[in-house]
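Let's take a friendly walk through a protein model together. Have a look at the sequence and the 3D view before reading on.

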Amino acid sequence: MSSPEENTYQVIKALCEESNLLAFVEGQEEYEQSLKRLFNGSQSNKPKAFIKPETTDEICHVLQYASANQLQVSVLGGGHDPKGLAIIRVGLVLDLSAMKEIEIDVETATAWVEAGVTVKELDDVTCPLGLAAVNGSCTDVGVIGLTLGGGFGFLSRTQGLAVDNCLQIEIVTATGQRIVASPQKHEQLFWALRGAGHVGYGVVTKVQVKLHKLQEKYVGGE
Ligand SMILES: Cc1cc2nc3c(=O)[nH]c(=O)nc-3n(C[C@H](O)[C@H](O)[C@H](O)COP(=O)(O)OP(=O)(O)OC[C@H]3O[C@@H](n4cnc5c(N)ncnc54)[C@H](O)[C@@H]3O)c2cc1C
């Protein structure tokens, strides 16, 4: 009889054979790169494989497959959970670092931010426009990971938490269904995601956030 680890490996291999996805396993450079993104370098979990999806459709496909084949999946955003909770040992990790799209609407002062975007990457795009999201103070933290847990940053004293400034959330559920949650649609899920979003409701693929006009410079040099 094969071990759970061997079974998991076979299920992931079959997923890659029936799709265009690539899985990276221990020993491959891409695997080590994903593992190195964890802030907690002493966490010892090593997943069976990483997959780096580039689109929401790919995530839907992985989750439909995982749900049909009892494959456990965890999600790696910016890698800054202090306990390394993004990584599971016997299972597949979706490393979202390739999903870097940021779509800004200056007129409404809002932005759609994809799941691989970090705090610095969002600031780098909004600040030259004189706008800023409520973001954390650590540049490498994932915007979505931060937002799902509440999110406290430089603007919070005047503008509230990141969750207070989150307008819509696109999520792929465990069965691979794409949903956009907002105060008008799927409102209970929207409520739950804003604070407890990383406890397993699904994979959040992008969030729409409010941007604020920067009045003056508070920190930094010329
Ligand atoms: C050095 C440091 C500085 C920090 N500074 C701040 C700060 O200024 N303000 C603040 O509010 N917080 C701060 N934090 C806390 C940080 O916001 C949380 O730890 C946050 O959960 C990290 O998100 P991440 O995506 O970077 O980490 P990850 O480890 O990748 O993810 C954290 C958790 O969220 C889940 N997750 C991530 N992305 C998704 C997704 N797209 N869909 C579903 N689940 C997802 C993961 O599975 C994991 O369980 C800091 C943490 C560190 C280590």
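## The annotated region

Keep in mind that this is a predicted model. The unreviewed UniProt entry marks residues 43-214 as "domain: FAD-binding PCMH-type".

## A look at helix H3

Helix H3 runs over residues 56-68, 13 residues in total. From its first C-alpha to its last, H3 reaches 18 Å, close to the 18 Å expected at 1.5 Å a residue.

Which residues of H3 are buried? They are Ile59, Val62, Leu63, Tyr65 and Ala66. These residues sit on the same side of H3 because they cover an arc of only 160° around the axis. An α-helix has 3.6 residues a turn, so residues three or four places apart point the same way. The buried residues of H3 pack against several elements, including helix H1 (4-17), strand S2 (49-51) and strand S8 (166-173). Just after H3, Gln70 takes a positive phi of about 50°.

## Around the ligand

How many residues surround the ligand? There are 31, and the closest are Gly77, Gly78, Gly136, Gly142 and Gly145. Strand S3 (73-76), helix H5 (143-148) and strand S10 (202-210) are the elements that each give two or more residues to this shell. H5 gives the most, with four residues.

Sorted by class, the shell has 16 nonpolar, 14 polar and one charged residues. Two elements of the shell, S3 and S10, also pack against the buried residues of H3.

Note on methods:
Residues numbered from 1 in each chain as written. Predicted model: local features only at pLDDT ≥ 70, side-chain atom pairs only at ≥ 80, totals over all residues. Near = placed C-beta within 6 Å. Nonpolar A, V, L, I, M, F, W, Y, C, P; charged D, E, K, R; others polar. UniProt positions renumbered as here; feature names shortened; annotations may be inferred. Expected span 1.5 Å × (residues − 1). Buried ≥ 20, exposed ≤ 12 C-beta atoms within 10 Å, placed from the backbone. Arc of directions from axis to C-beta. Contact = placed C-beta atoms within 7 Å.
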